[in-house]
Amino acid sequence: MKPGSRSFYRLTKPVVFLMCLLPLAWLLLRAFEVADFGLGANPIEELLHQLGRWGLKLLLLTLLITPLRRWTGWNWLVRFRRMLGLFAFFYIVLHFLTYAILDQSLELSLIIEDVIERPYITLGMTGLLLLIPLAATSTKGMMRRLGKRWQKLHRLVYVIAVAGVWHFYWQVKLDTLDPSIYAFILAVLLGTRVYYSRRFQKQ
Ligand code: HEM
């Protein structure tokens with residue numbers, strides 16, 4: 001089976017799809033305490049944190065596709081980018097819903113107050129709102145219809161990733177190691193993007 005062939009995608013796409021669902025399945029198993037895996041002393045916080053982390057991981061993985069494709073010449077990787085991006089959006093929406101429903105009991109006034117008064121929530125919300133037009137225009141039809149504007153619009157994903165990492169960094173109280181690792185990975189990805197765009201401009 002040749003990478004990039006129809007049969008290759010027919011086999012690998014469902015596998016990647018199921019792999020993206022694994023973190024959610026694991027969280028659900030823990031939430032329902034199947035086989036003694038609980039979510040710990042503060043289940044809502046654990047759920048919120050894990051969903052936020054998976055959203056960010058998938059966002060960074062989406063950003064990795066283009067540089068990885070350039071380094072390796074594996075052009076078929078690009079066919080997985082949309083799925084990964086949409087799964088990032090899916091986990092971030094679940095993260096937001098956990099916050100809004102389980103943490104704030106859907107009290108709209110409390111949510112609005114948080115968004116206005118807590119800068120890390122403002123940043124997170126900005127990231128989520130910016131993701132909506134990207135998810136809405138992720139179809140092939142929209143790509144064709146928007147042409148060059150599609151690429152420009154989808155560059156917003158870098159702004160969203162910066163907002164997401166910053167949001168993570170800001171809410172951590174003491175140990176900044178984890179958000180620093182995410183920030184480092186994002187810096188490398190942004191650096192690579194700048195490097196390639198300069199190289200292609202010169203050619
Ligand atoms: C691009 C969008 C977003 C990303 C990538 C993201 C990611 C994250 C990450 C990685 C964490 C930390 C997890 C940990 O400490 O283990 C976090 C925490 C949190 N996020 Fe988000 N988030 C986003 C949007 C939002 C939105 C829209 C809200 C609510 C309006 C929100 C509310 C929170 C809250 C309440 C926490 C926990 C703070 C705490 O425990 O003190 N996030 N988020």
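The following legends describe close-up views of a predicted model.

Local features are reported for residues with a pLDDT of at least 70 and side-chain atom pairs only at pLDDT 80 or more, whereas totals for chains, interfaces and linings use all residues of this predicted model. Residues are numbered from 1 along each chain as its sequence is written, and side-chain values use heavy atoms, with hydrogens and water left out.

**View A. The edge-to-face pair of Phe-168 and Tyr-182.** In the pair shown, the ring centres of Phe-168 and Tyr-182 are 5.2 Å apart and the planes stand at 75°, so the arrangement is edge-to-face. The pair links distant parts of the chain, 14 residues apart: Phe-168 belongs to helix α8 (residues 156-171) and Tyr-182 to helix α9 (residues 177-202). Helices are DSSP runs (H or I, at least four residues), numbered from the N terminus. Phe-168 is buried at a relative accessible area of 9%, and Tyr-182 is buried at 10%; buried denotes under 20% relative accessible area, exposed over 50%, and partly exposed the range in between (1.4 Å probe, protein chains only).

**View B. Tyr-195, Tyr-196 and the charge of Arg-70.** Tyr-195 and Tyr-196 form an edge-to-face aromatic pair, with 5.3 Å from centre to centre and 70° between the planes. Tyr-195 is partly exposed at 48% relative accessibility, whereas Tyr-196 is buried at 7%. Arg-70 lies over the face of Tyr-196, at 5.0 Å from the ring centre. A charge is taken to sit over a ring if NZ of Lys or CZ of Arg is within 6 Å of the ring centre and within 35 degrees of the ring normal.

View D. Leu-28 lies in helix α1 and is partly exposed at 43% relative accessibility. Phe-37 lies in the loop between α1 (6-31) and α2 (43-72) and is partly exposed at 39%. The C-alpha atoms of Leu-28 and Ser-7 are 32 Å apart in space, for a separation of 21 residues in sequence.

**View E. The salt bridge between Glu-46 and Arg-30.** The structure holds three salt bridges (a side-chain nitrogen of Lys or Arg within 4 Å of a carboxyl oxygen of Asp or Glu). The side chains of Glu-46 and Arg-30 meet in one of them, with an N to O distance of 2.9 Å. Glu-46 lies in helix α2 and Arg-30 in helix α1, so the pair ties together parts that are 16 residues apart in sequence. Glu-46 is partly exposed, with a relative accessible area of 22%, whereas Arg-30 is buried at 14%.

**View F. The salt bridge between Arg-53 and Asp-178.** The closest N and O atoms of Arg-53 and Asp-178 are 2.9 Å apart in this salt bridge. The pair links distant parts of the chain, 125 residues apart, with Arg-53 in helix α2 and Asp-178 in helix α9. Arg-53 is partly exposed at a relative accessible area of 25%, and Asp-178 is partly exposed at 30%.

**View G. The salt bridge between Arg-118 and Asp-114.** Arg-118 and Asp-114 form a salt bridge in which the closest N and O atoms are 3.1 Å apart. Arg-118 is partly exposed, with a relative accessible area of 37%, whereas Asp-114 is buried at 10%.

Key
Phe/Tyr/Trp six-rings, centres within 6.5 Å; stacked < 30°, edge-to-face > 60°. Helix = DSSP H or I, 4+ residues; strand = E, 2+ residues; numbered from the N terminus.
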